[in-house]
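Thanks for coming. I will go through one structure today, starting with a pair of helices and then moving to the sheet.

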Amino acid sequence: MADKILVRLTVNGAAREGHCEERTLLADFLRETLGLTGTHVGCEHGICGACTILFNGEAARSCIMLAVQADGAELTTVEGLATDGALHPLQEAFREYHGLQCGFCTPGMLMTALDLLRTNPHPTDVEIREGISAVLCRCTGYQGIMNAVRAASGRPPAKGHA
Ligand code: FES
Ligand code: FES
């Protein structure tokens with residue numbers, strides 16, 4: 001392990017640690033070293049948002065950060081949303097309002113929506129669209145996601161959509 005660096009951090013409330021190279025991306029560290037494969041990797045260029053996690057409470061793209069930058073940080077990944085087998089209300093809303101199809105973008109979309117609702121608990125439709133525009137979805141056409149986020153913020157889905 002002489003050429004590897006020890007990274008200690010908190011993930012989903014639990015102390016975790018692992019060794020990695022200086023150049024190891026945080027997304028790869030989460031998936032391959034810590035086994036948290038819920039965080040997806042798409043473009044690896046900071047564009048698609050699939051790798052979004054919460055880093056010290058704020059949404060961040062884990063594909064454009066180094067794992068060593070996360071030493072001492074507090075992270076939340078999609079695995080941290082459900083508690084005791086019960087889905088997080090935002091996950092429930094995505095399920096109820098068809099906010100996902102293939103599910104590839106979903107971890108990043110959930111973490112992004114979570115951050116949006118943390119900073120703006122009652123977003124307008126425009127604010128939701130702007131917020132989730134940070135993540136690319138190739139399946140849903142976004143309306144189901146819009147409705148899910150609306151529902152999670154306490155508003156009914158838009159008329160004419162399930
Ligand atoms: S995989 Fe990180 S933004 Fe696309
Ligand atoms: S649900 Fe397939 S990419 Fe969004």
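Helices H4 and H5 pack at an angle of about 120°, and their axes are 10 Å apart. Helices (H or I, at least four residues) and strands (E, at least two) are DSSP runs, numbered from the N terminus. Axes are lines fitted to C-alpha atoms, for helices over the stretch in contact, and angles run from 0 to 180 degrees between N-to-C directions. As background, two packed helices are described by the angle between their axes and the distance between the axes.

Before going on, how to read this: the model is predicted, local features need pLDDT of at least 70, side-chain atom pairs count only at pLDDT 80 or more, and totals for chains, interfaces and linings use all residues. Residues are numbered from 1 along each chain as its sequence is written, chains are lettered from A and ligands numbered from 1 in the order in which they are written, and side-chain values use heavy atoms, with hydrogens and water left out.

Which residues meet between H4 and H5? From H4 they are Asp-125, Ile-128, Arg-129 and Ile-132, and from H5 they are Gln-143, Ile-145, Met-146, Val-149 and Arg-150. Contact here means heavy atoms within 4.5 Å. By class, this contact has 5 nonpolar, 1 polar and 3 charged residues. For the classes, Ala, Val, Leu, Ile, Met, Phe, Trp, Tyr, Cys and Pro count as nonpolar, Asp, Glu, Lys and Arg as charged, and the others, Gly among them, as polar.

Now H5 itself, residues 143–152. Is it mostly covered or mostly open? Mostly covered: 8 of its 10 residues are buried. Buried means under 20% relative accessible area, exposed over 50%, and partly exposed in between, with a 1.4 Å probe and protein chains only. The buried residues of H5 pack against H2 (89–96), H3 (106–119) and H4 (125–132). Just after H5, Gly-154 takes a positive phi of about 95°.

On to the sheet. It is open, has 5 strands in the order E2-E1-E5-E3-E4, and its pairing is mixed. The edge strands are E2 and E4 (58–61), each pairing on one side only. Two strands pair if DSSP finds at least two bridges between them.

E1 (residues 5–11) and E2 (residues 14–20) are antiparallel over 7 bridges, and Arg-8 has Glu-17 in E2 as its bridge partner. These two strands form a hairpin with 2 residues between them, and Asn-12 in the turn has a positive phi of about 55°. On E5 (residues 74–76), E1 pairs in the parallel sense over 2 bridges. E3 (residues 52–55) and E5 are antiparallel, again over 2 bridges. Leu-75 in E5 stands opposite Val-11 and also opposite Phe-55.

Helix H1 (residues 26–33) lies across E1, E2, E3 and E5, running at about 105° to E2. H3 packs on the sheet too, touching E3, E4 and E5, with its direction at about 40° to that of E3.

Last, a loop residue and the cysteines. Leu-66 sits in the loop between E4 and E5. Leu-66 counts as partly exposed because its relative accessibility is 30%. Not counting residues up to four places away in sequence, Leu-66 touches Glu-22, Arg-23, Thr-24, Leu-25 and Leu-26.

How many disulfides are there? The count is 0, where a disulfide is a pair of cysteine sulfur atoms within 2.5 Å. Cys-43 is partly exposed at 25% relative accessibility, and Cys-139 is partly exposed at 31%.
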